[in-house]
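Trainee: I have a model to go through. Can we take its pockets and domains in turn?

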Amino acid sequence: MAETGKDITKAKAFLEKEQLVAIPTETVYGLAANAVNPVAVAKIFEAKDRPTFDPLIVHTHSLNEVLKITKDIHPSLLKLAKAFWPGPLTLLLPKKEIVPNLVTSGLDRVGVRIPNHPLTLQLLSQIDFPLAAPSANPFGYISPTTAEHVQKQLGLKIPYILDGGNCEVGLESTIVGEENGEIIVYRLGGLSIDAIESIVGKVSVQLNQSSNPKAPGQLKSHYAPKKPVYIGDINDLQNIHSDKKIGAIVFGNDNILKATTVVKNLSVAKNYQEAATNLFSFLRELDEADVDVIIAELLPEQGLGLAINDRLRRSSVI
Ligand code: TXA
Ligand code: MG
């Protein structure tokens, strides 16, 4: 089992020895290693069973640190950085030589972000290298939003989990970049499109859905529990699966459900942020509950509802 605690000095010591440490962020927990040390970075891919064509996000604690590993930041992206960092925003920026190809899967851009979590910001300011960190889950499974989630799945593979409590945002960062002067959103996430457009105007959303994506990691089937997830009208789905034990994820109204269905209500008050925070925990709980199938309804396609629906859809592809 991994040791769990709030000891930054200990986390620092492991990272300096090329070891992996799980770190809390406001989005999800990350599986961190020294981003400029390929030996350390390789351990991330091994622990996660992650294909090396899927690049990693690099975390720092200041814009100054970001400038050490990137170059030629487009003015609109700089505006976004200033508006939303620290926060759930990842920028794809032209990388400097110092960033190993293993981190970017050989691409010219590196994904970077400044996470908004006090413990991790403190840790980052005490080490003299940035941290590469994908979500701390086995490849393809649901991202962890508590230290316990990490312990359950990666506890045997890493020495230390820095425990920062429950992740407040609960969805991974929104990934944004620029091509030919156009600002592009590649992954929906914890920062809404509306918020981004309020700073840089209209953006283009290009989510990669294929199984061999240009922006790797945007695989169609991802964030998936082991049990099958079906999406649609909750009443219809209950009827279709009436011969099975059902777990249901709903948003708001749940009085339509049968007594035997195990119900997880993302937000009784229909609050999108609350729903985002609960989503991954609920998927895990239903995956572990005594049910055969998971059924879910989509949220209205607005604000964080877009990102939540994206995760639900990806979790449902078999
Ligand atoms: O909120 C988050 O972003 C969390 C926390 C830990 O920071 N991290 C996270 O990492 O979600 P991960 O590895 O699960 O997702 C990273 C994804 C990749 O799968 C890929 O889609 C995209 O980010 N990405 C990273 N670097 C990229 C690059 N250079 N070019 C294109 N896409 C990139
Ligand atoms: Mg991930």
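Mentor: Start with a term. A pocket is an open set of grid points with protein on both sides within 12 Å along at least five of seven lines. Note that this model is predicted.

Trainee: How much space lies in the second largest pocket?

Mentor: Its lining includes Val36, His61, Lys68 and Phe129. By class, that lining has seven nonpolar, two polar and three charged residues. The space in the second largest pocket is about 160 Å³.

Trainee: Which helix gives the largest share of that pocket's lining?

Mentor: Glu65, Lys68 and Ile69 are among the lining residues. The largest share is three residues. It comes from helix α3 (residues 63-69).

Trainee: Where does the largest cavity lie?

Mentor: The chain is assigned domain 1 (3-205) and domain 2 (229-315). Lining residues of the cavity include Thr174, Leu188, Gly303 and Ala307. Both domains give residues to the lining, so the largest cavity lies between domain 1 and domain 2.

Trainee: How many charged residues are in the lining of that cavity?

Mentor: The largest cavity has a volume of about 50 Å³. Its lining has five nonpolar and four polar residues. The number of charged residues is none.

Trainee: Which three residues supply 36% of the area that domain 1 buries against domain 2?

Mentor: The two domains bury about 1,500 Å² between them, 55% of it on carbon and sulfur atoms. On the domain 1 side, three residues supply more than any other three. They are Ile142, Leu171 and Leu188.

Trainee: How many salt bridges cross the interface of domain 1 and domain 2?

Mentor: Contacts link 23 residues of domain 1 with 17 residues of domain 2. Across that interface, the salt bridge count is two.

Key:
Residues are numbered from 1 along each chain as its sequence is written. Chains are lettered from A and ligands numbered from 1 in the order in which they are written. This is a predicted model: local features need pLDDT of at least 70, side-chain atom pairs count only at pLDDT 80 or more; totals for chains, interfaces and linings use all residues. Side-chain values use heavy atoms; hydrogens and water are left out. On a 1 Å grid over the protein atoms alone, a cavity is a set of points where a 1.4 Å probe fits but cannot get out, and a pocket is an open set with protein on both sides within 12 Å along at least five of seven lines; lining residues have an atom within 4 Å of a point. Grid points are joined across faces, edges and corners, and a volume is the space filled by probe spheres set on the points. Ala, Val, Leu, Ile, Met, Phe, Trp, Tyr, Cys and Pro count as nonpolar, Asp, Glu, Lys and Arg as charged, and the others, Gly among them, as polar. Domain bounds come from an automatic or database domain assignment. Helices (H or I, at least four residues) and strands (E, at least two) are DSSP runs, numbered from the N terminus. Contact means heavy atoms within 4.5 Å. Buried area is the accessible area (1.4 Å probe) that two parts lose on being put together, summed over both. A salt bridge is a side-chain nitrogen of Lys or Arg within 4 Å of a carboxyl oxygen of Asp or Glu.
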